[in-house]
Amino acid sequence: MKQNYQLVLEKTLKALQAEDKRPSLLLHSCCGPCSSYVMEYLAQYFDITIFYYNPNISPAAEFQFRAEEQQRLIREMDLGVSFLLGKYEPERFFSLAKGHEAEPEGGERCFKCYRLRLEEAARAAKAGGFSYFTTLSISPHKNAQVLNELGKEISDAFGVPYLYSDFKKKNGYRRSCELSTEYHLYRQDYCGCPFSKAEAEERKRRAQA
């Protein structure tokens with residue numbers, strides 16, 4: 001049975017407000033556009049640090065450009081959000097993707113990538129003494145059920161609470177598109193890895209045929 005993680009999030013937020021608490025949150029982000037609505041939403045409740053750790057993104061220039069766009073958005077939204085840049089380790093992604101290169105986006109390769117980035121976020125959250133860690137569940141291509149199940153597993157392993165979410169709910173994705181237009185953000189049409197890029201290019205080719 002699928003869980004409504006937006007309702008779980010709302011319950012957590014109400015409890016924090018009732019206790020008059022403002023905890024710290026390490027928010028893993030893949031890019032500025034997907035983080036925009038989430039920062040706007042959660043900055044009311046948390047002291048947020050964006051953690052940009054994405055070894056799946058290729059080439060290095062793409063990784064760097066997305067990181068710069070993320071930092072620009074943080075500055076221009078001016079919500080008091082901090083930024084933490086993770087290491088660029090593409091070899092870790094390619095190692096886990098071996099044997100899964102031909103799978104379509106949204107399959108086992110992506111789930112392994114989710115785990116890699118969530119584990120690194122949990123590690124950074126524990127080292128930094130954060131109250132919670134989480135990631136973006138806003139893209140239509142992201143499987144919120146799997147993300148939250150992994151979040152729980154990794155939370156138990158690292159001893160840092162995971163903030164459950166499904167940011168697609170309540171028109172979150174639509175709002176992220178509006179904010180992307182407002183802040184003139186670079187929006188890519190693939191997650192970042194070369195396999196998703198090839199899939200996106202093939203979709204374009206078929207649409208134009």
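In what order do the 4 strands of the open sheet stand, and is their pairing parallel or antiparallel? I looked this up in a predicted model. The order I read is S3-S2-S1-S4, and the pairing is parallel.

**Edges.** Strand S3 (82-85) and strand S4 (132-135) stand at the edges. Each has a single partner strand, so one side of each is left without a neighbour in the sheet.

**S2 and S3.** I then took one pair by itself. Strand S2 (residues 47-52) pairs with S3 in the parallel sense, and I note 4 bridges between them. Opposite Thr 49 I find Ser 82 in S3.

**Helix on the sheet.** Helix H3 (residues 60-77) packs on the sheet. I see H3 touching both S2 and S3. Its direction makes about 165° with that of S3.

**Helix H8.** I moved on to residues 194-208, which form H8. This helix has 15 residues. From first C-alpha to last, H8 reaches 21 Å, close to the 21 Å expected at 1.5 Å a residue.

Which residues of H8 are buried? I list Phe 195, Ser 196 and Ala 200. Seen down the axis of H8, these buried residues fall within an arc of 140°, so they line one face of the helix. I looked up what covers them. The cover includes helix H4 (90-97) and helix H5 (108-128).

Notes
Residues numbered from 1 in each chain as written. Predicted model: local features only at pLDDT ≥ 70, side-chain atom pairs only at ≥ 80, totals over all residues. Heavy atoms only, no water. Helix = DSSP H or I, 4+ residues; strand = E, 2+ residues; numbered from the N terminus. Expected span 1.5 Å × (residues − 1). Buried < 20%, exposed > 50% of the residue type's maximum accessible area, 1.4 Å probe, protein only. Arc of directions from axis to C-beta. Contact = heavy atoms within 4.5 Å. Pairing = 2+ DSSP bridges. Axes fitted to C-alpha atoms, helices over the stretch in contact; angles between N-to-C directions.
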